[in-house]
Amino acid sequence: MIKFDNFAPDRRGVIAGLAFTGLLGSAAADASAATIPFARVRPGGIGWPTAADWNTLGETVGGRLSPVTLPVLAQAEAAKLLANPFYIRDQAGLTQSSGRIDGWQSAPSAYVVRVRNAADVAAAVTFAARHRLRLVVKGGGHSYLGGSNAADSLLVWTRDMETIELHHAFIPAGSASTGVPAVSVGAGAIWHDVYNAVTTRGGRYVQGGGCTTVGVAGLVQGGGFGSFSKTFGIAAAHLLEAEIVTADGQVCTVNAERDPDLFWALKGGGGGTWGVVTRLTLQTHELPATFGLVHWNLKATSDDAFRNLLARFVDLYADHLFNPHWGEQVGLRHGNRIEVLMLFQGLDEAAARTAWRDLTEHVDARPHDYVVEEPLIIGAFPANRFWDGAFVAQHLPGVLVVDDRPDAKPGNWWWAGNTEEVGAFWHGYESAWLPASLLDQGQRAQLVDAWFAASRLWSVTLHFNKGLAGAPTAAIAASRETAMNPQVLDAFALAIVAMDGPSAYDGLPAPDLVEARGNLAQIRAAMAALRKVAPDAGSYLSESNFALVDWRTACWGRHAARLDAVKARYDPDGLFVLHHGIGSELWGSDGFRRVV
């Protein structure tokens with residue numbers, strides 16, 4: 001059992017603590033109350049838990065409380081390990097992104113409870129509320145907005161809650177509905193393991209994220225898009241039931257019958273806002289016969305040829321790809337380059353090639369206008385092997401990276417394309433839903449012009465699986481019953497403009513902030529150019545601008561008011577606060593001081 005010693009208090013903490021505990025005279029207390037709103041305590045301040053308090057919590061959670069320390073690594077070792085998302089996942093003090101310019105930087109909590117079950121979580125939540133601590137929850141740790149870290153906080157780390165259970169016919173508690181195939185997942189599980197259980201071994205499909213190391217709980221609470229969301233809708237739409245520890249320390253099972261408002265808020269209302277989710281149950285679906293990909297990189301030799309290529313692609317998408325079979329992305333890069341990385345489901349290779357024929361014939365007929373930098377690859381594979389690492393490595397060499405640490409869990413891997421995001425220090429990140437009306441024949445030229453204009457400033461990628469227009473009626477109906485901004489239902493794609501640089505972890509070379517701010521300005525300009533054809537476009541919370549001004553409307557639209565009511569009922573004191581989370585406008589940027 002780890003025993004804890006007290007930190008020495010500082011003067012500011014003493015003054016604030018005296019004001020709140022009544023140890024100042026009444027006049028002084030009244031004056032303090034007028035100038036010092038409710039504040040959480042930091043290490044060394046009056047009110048910070050004593051060593052005895054910490055020891056009691058440690059005993060309650062079976063010794064799984066400890067101070068948070070950062071790994072000490074040699075430079076060569078750091079370069080390798082800090083580029084491995086599985087290694088970062090195993091460190092309490094690290095997050096999968098290392099920060100964002102003028103926004104946040106990854107910082108370790110003061111203490112961590114490495115929880116095993118809902119009882120451990122309840123003990124930590126109750127302790128944090130009683131002692132006015134800043135509380136942070138981390139599962140996969142992939143928050144681009146820094147939601148899974150905060151200095152001087154108590155961290156609830158769900159890393160060890162990895163249980164995965166398949167159900168033939170799951171019936172939510174208290175429901176009279178017919179059971180459906182489902183999977184129950186612990187809050188610390190990542191999609192790598194869930195896909196392995198549900199698809200590779202179970203032969204079914206569950207709607208999750210594209211990156212294998214993303215946490216299940218965070219993705220679902222954020223809405224959750226994956227490569228095949230154009231077929232199945234967002235992950236949140238498939239939530240059947242959740243176990244959650246609320247701010248009062250109660251362990252609740254919520255579903256459409258029990259606490260339906262809280263259940264609804266968990267479906268896209270933002271992770272880390274409503275409590276600590278400890279288990280989720282998601283509906284699974286019949287697996288398509290095939291999953292496949294299209295990869296192709298082209299460079300146009302002139303601006304005119306490039307604009308013409310964009311027009312041809314928009315026509316191709318609207319006429320042949322705007323349907324449930326197709327997802328993922330096409331990006332425009334510097335130098336009049338276009339990068340295609342599309343995925344499909346339920347088609348054989350011949351059908352996929354036919355869908356792309358108009359564009360391939362256009363390019364083939366104009367060898368002076370286009371340089372093929374990476375040849376067209378179209379392939380279809382058995383869907384149950386899509387997340388089978390051994391199969392993928394054999395048939396698509398270089399597509400995945402294996403966790404090669406000596407103590408790594410066998411079978412750990414991630415998509416090679418996600419490597420650059422590991423430890424990323426974000427210079428900028430913008431997103432916007434593009435309405436399907438832009439694909440109407442009379443508006444396509446405006447879309448092409450805006451996309452082209454934006455590409456003069458920065459790389460711009462359209463993620464077609466992150467807009468549900470064109471999806472089946474059932475998928476749209478289920479997604480409509482979530483807290484997500486309703487704009488997603490009518491969008492054909494999510495436009496993303498972003499840039500990251502080398503990691504900003506302690507011990508590594510500091511980022512070039514001048515360069516980062518210059519990139520940020522270009523990113524904002526590119527998105528402004530694109531927004532000329534979608535001026536009222538909302539944004540996807542999980543992939544949004546840290547400095548987004550009207551974030552409530554952008555991320556939730558008309559649902560924001562209902563989410564406010566849920567927050568007021570289940571977390572009236574604001575124990576769960578994170579950047580751009582519902583209720584965060586009542587707190588300072590660091591989450592420690594309530595705004596008057």
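A nonpolar core, as I use it, is a set of buried Ala, Val, Leu, Ile, Met, Phe, Trp, Tyr and Cys residues joined through side-chain atoms within 4.5 Å; buried means under 20% relative accessible area with a 1.4 Å probe, protein chains only.

**Ground rules.** I'm working from a predicted model, where local features need pLDDT of at least 70, side-chain atom pairs count only at pLDDT 80 or more, and totals for chains, interfaces and linings use all residues. I number residues from 1 along each chain as its sequence is written, and side-chain values use heavy atoms, with hydrogens and water left out.

**Confidence.** I checked pLDDT (the predictor's confidence in each residue, from 0 to 100). The protein chain has a mean of 93, and 94% of its residues reach 70 or more. Residues 6–36 fall below 50.

**Cores.** I looked up the largest nonpolar core and found 81 residues. Trp191, Val216, Val220, Trp274 and Trp387 have the most contacts inside it. Apart from it I noted another core of 57 residues, including Trp326 and Ala454.

**Trp274.** I listed its contacts (heavy atoms within 4.5 Å), skipping neighbours within four places in sequence. Among them are Leu262, Ala265, Leu266, Phe576 and Ile582.

**Cavity lining.** Which residues line the largest cavity? I found His142, Tyr144, Trp414 and Glu421 among them. A cavity here is a set of points on a 1 Å grid over the protein atoms alone where a 1.4 Å probe fits but cannot get out; lining residues have an atom within 4 Å of a point.

Note on methods. On a 1 Å grid over the protein atoms alone, a cavity is a set of points where a 1.4 Å probe fits but cannot get out, and a pocket is an open set with protein on both sides within 12 Å along at least five of seven lines; lining residues have an atom within 4 Å of a point. Buried means under 20% relative accessible area, exposed over 50%, partly exposed in between (1.4 Å probe, protein chains only).
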